[in-house]
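Open the model in your viewer and keep the selection tool at hand. The stops below say what to select and what is there.

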Amino acid sequence: MKGWIGKLLRIDLTTKKVKEEQLSEQFVKKWVGGRGFAIKILWDELEPGIDPLGPKNKLIVAVGPIAGIPAPNTGKTVVAAKSPLTGGYGDGNLGTRLTIQLKKAGYDLLIIEGKANIPTYLYIKDDKIEFLPANEIWGQGSYKSIGWLNEKYGSSAGILTIGQAGENKVLYAMIRSMEGRAAGRPGMGAVMGSKNLKAIVVKGTKEIPVAEPEAMKELGHSDLKKVRKIDQKTGWSKQGTTGVLAWCNEVAALPVSNMRKTSSKDAWKIDGERLNAARVATYGCPNCSMPCGIAILDQEGHQSELDYENIGMLGSDLEIFDLPQVASLNYLCDDYGIDTISAGGVLAFYADVIKQGVIKGDFKFGETEKAKELLRKIAYREEEGDFLAQGTKKMAEKIGQGSSTYAMQVKGLEISAYNCKFIPGMALAFGTSSIGAHHKEAWIITYEINETIRDSYDQGKAKKVIELQRIRGGLFETIVACRFPWVELGWGIDHYVEYFNKITGLNWNLNDFWKVADRIYALIRAFWVREFPDWDRNWDYPPEIWFNPSNADKEGIIAGKVLDKDKYGQLLDYYYELRNWDARGIPKQKTMQELDLEKESVELEKFVSLK
Ligand code: PTT
Ligand code: SF4
């Protein structure tokens with residue numbers, strides 16, 4: 001087997017037993033890597049209905065066949081588990097040195113089970129695995145923890161850690177790796193914390209097996225150089241992801257005031273141009289030739305990396321139009337290890353329910369100092385922070401009084417920074433994303449606004465959502481590489497197929513990847529349905545307020561307009577039809593069989609009847 005190592009490491013924190021297991025050629029070809037490995041293992045090994053914060057949940061850390069190879073942007077790793085925020089499948093993807101180190105240590109993935117009896121960190125050096133007490137870093141933020149581990153194990157060590165939010169099981173706690181890198185929006189950090197696992201450190205010394213090593217080396221290095229050249233010709237090197245902020249404001253898609261508004265006259269104060277002017281450092285992932293992390297100084301003088309999502313959710317959505325202030329909130333989220341998108345969504349919802357007079361509280365839009373204090377309380381689950389640590393869906397269920405209408409989430413995950421009150425295709429992308437309302441799988445918004453009629457619910461939009469889900473949620477999350485060279489610089493998808501073939505010695509084409517992607521989407525959906533057997537299509541709808549005419553913008557380019565619920569329903573029907581899922585959004589038996597998921601369909605049938 002080339003490309004893959006063909007081995008996983010199973011680590012039981014309760015018994016401190018470790019076991020190497022072989023991955024068969026059939027398994028790796030069927031699931032490829034990253035998210036593919038994760039969903040198959042979670043489906044096979046998790047008992048339905050388990051407590052995601054209990055010892056029976058498993059944390060998967062998985063790389064893919066092209067991970068760690070010197071080629072554009074191959075320093076990424078997938079982390080996955082049953083999500084404590086949503087109760088469904090959860091994952092995230094982060095840039096980390098662990099990608100390279102894990103493969104060099106001789107593993108494609110880690111399965112972490114059980115719960116340590118004391119705060120622990122793992123040190124994996126090739127075949128040697130140590131369970132070490134984490135008392136020196138338990139209770140510390142992620143910056144200090146990473147610094148301490150780096151000092152002990154050197155700066156090339158692969159490190160994943162959590163901050164206080166993960167330790168205290170904040171339901172949207174993230175896993176951190178290096179400067180500016182974080183992943184696992186649906187509470188992957190809380191899963192680590194629930195296992196008393198503070199960090200994972202990996203160092204490897206072995207060769208990564210590659211089918212055509214010389215050809216791959218040459219191709220990889222020359223492509224890294226080419227990507228760097230294209231980058232310099234685009235706005236990317238100046239503004240990174242934040243270039244999209246001014247555009248979102250212009251096209252009425254910016255989250256402002258808990259997504260009540262879609263633009264602001266003050267947006268220019270926090271846009272990519274201002275950010276670039278304030279830049280003090282640039283951060284990036286390993287093996288990246290187009291680093292996108294723009295760091296500026298926050299109010300306290302820390303370097304803080306701001307991406308678009310962070311500014312949209314901690315800035316405009318909270319009515320904070322000052323970059324150092326936004327950077328301070330972002331720094332705290334990074335240090336505590338809290339997802340910035342959910343944190344922004346939760347604080348905005350909190351300010352909104354207080355403003356509506358639905359609950360009493362001391363927090364208004366625009367109050368940066370109070371937002372900082374609330375983030376601290378969330379991370380430590382103190383006072384109202386304990387309530388806010390549950391995310392908007394559970395908060396709204398407890399508050400009642402119709403507040404779930406404007407809790408901006410889908411399936412329990414807060415919506416990322418695209419306000420789709422009048423963008424049907426992107427609303428469908430949020431509705432059908434496999435972890436809840438995340439933009440990573442079908443970022444159709446620029447295509448939809450620039451190249452289609454915004455008002456239309458044309459079936460082509462559903463088709464495009466699936467095309468993007470196959471590429472982004474399927475291919476990139478299984479070979480495990482950063483998608484930005486393809487999204488932002490127009491680097492052809494065929495390059496990745498070529499790397500894959502040169503590394504594995506196989507001869508795949510895009511259709512082979514689409515089949516894997518469709519299989520993964522079907523099994524992820526099956527996972528959700530098994531957890532929630534009363535499943536119906538309402539799980540795939542965005543918040544009710546996006547359909548409510550009273551929420552329409554009063555002025556501007558989409559004045560008076562909101563989404564049409566019947567037409568959204570028709571678009572969703574067409575999406576299901578294309579996927580061969582039934583009208584409830586459940587894969588049909590025949591579909592599962594065609595995707596080589598016979599065994600899984602028999603298991604699913606125990607929970608719901610399949611059409
Ligand atoms: C990602 C989500 C995003 S998506 C952002 S900004 W983005 C937020 N970043 C956070 C952060 O930072 N700190 C924090 N405490 N919380 C944060 N929450 C938010 O998390 C990230 C980049 C980005 S920046 C994006 S889009 C792309 N995402 C990729 C992906 O998902 N897959 C893939 N194959 N390639 C990708 N490339 C890009 O990576 P989640 P990172 Mg992150 C500080 O993982 O859970 O999906 O959440 O990975 O290494 O930080 O790089 O405008
Ligand atoms: Fe990481 Fe950004 Fe480079 Fe992608 S483009 S690998 S997210 S630094």
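The largest cavity in this predicted model has a volume of about 60 Å³. Now color helix H22, residues 510-531. This helix gives the largest share of the lining, four residues. By class, the lining of the largest cavity has five nonpolar, three polar and two charged residues.

How many cavities of 30 Å³ or more does the structure hold? There are three.

Select Thr 96, Arg 97, Ile 146, Asn 150, Ala 157, Ile 159, Ser 177 and Met 178 to show the residues that line it. Four of these lining residues are nonpolar, three are polar and one is charged.

Then turn to the ligands. Select the magnesium atom of ligand 1 and Ala 182 together. The O atom of Ala 182 lies 2.5 Å from the magnesium and is the single donor from the protein. Where in the fold is Ala 182 found? It belongs to strand E11, residues 182-183.

The last stop is ligand 2. Select the residues that surround it: Asn 73, Lys 76, Arg 181, Gly 284, Cys 285, Cys 288, Met 290, Pro 291, Cys 292, Cys 482 and Phe 484. Color this shell by class to find seven nonpolar, two polar and two charged residues around ligand 2.

How values were computed. Residues numbered from 1 in each chain as written. Chains lettered and ligands numbered in written order. Predicted model: local features only at pLDDT ≥ 70, side-chain atom pairs only at ≥ 80, totals over all residues. Heavy atoms only, no water. Donors = N, O, S within 2.8 Å, 3.2 Å for Na, K, Ca; no water. Helix = DSSP H or I, 4+ residues; strand = E, 2+ residues; numbered from the N terminus. Near = heavy atom within 4 Å. Nonpolar A, V, L, I, M, F, W, Y, C, P; charged D, E, K, R; others polar. 1 Å grid on protein atoms, 1.4 Å probe; cavity = no way out; pocket = protein on both sides within 12 Å on 5 of 7 lines; lining within 4 Å. Points joined across faces, edges and corners; volume = space filled by probe spheres on them.
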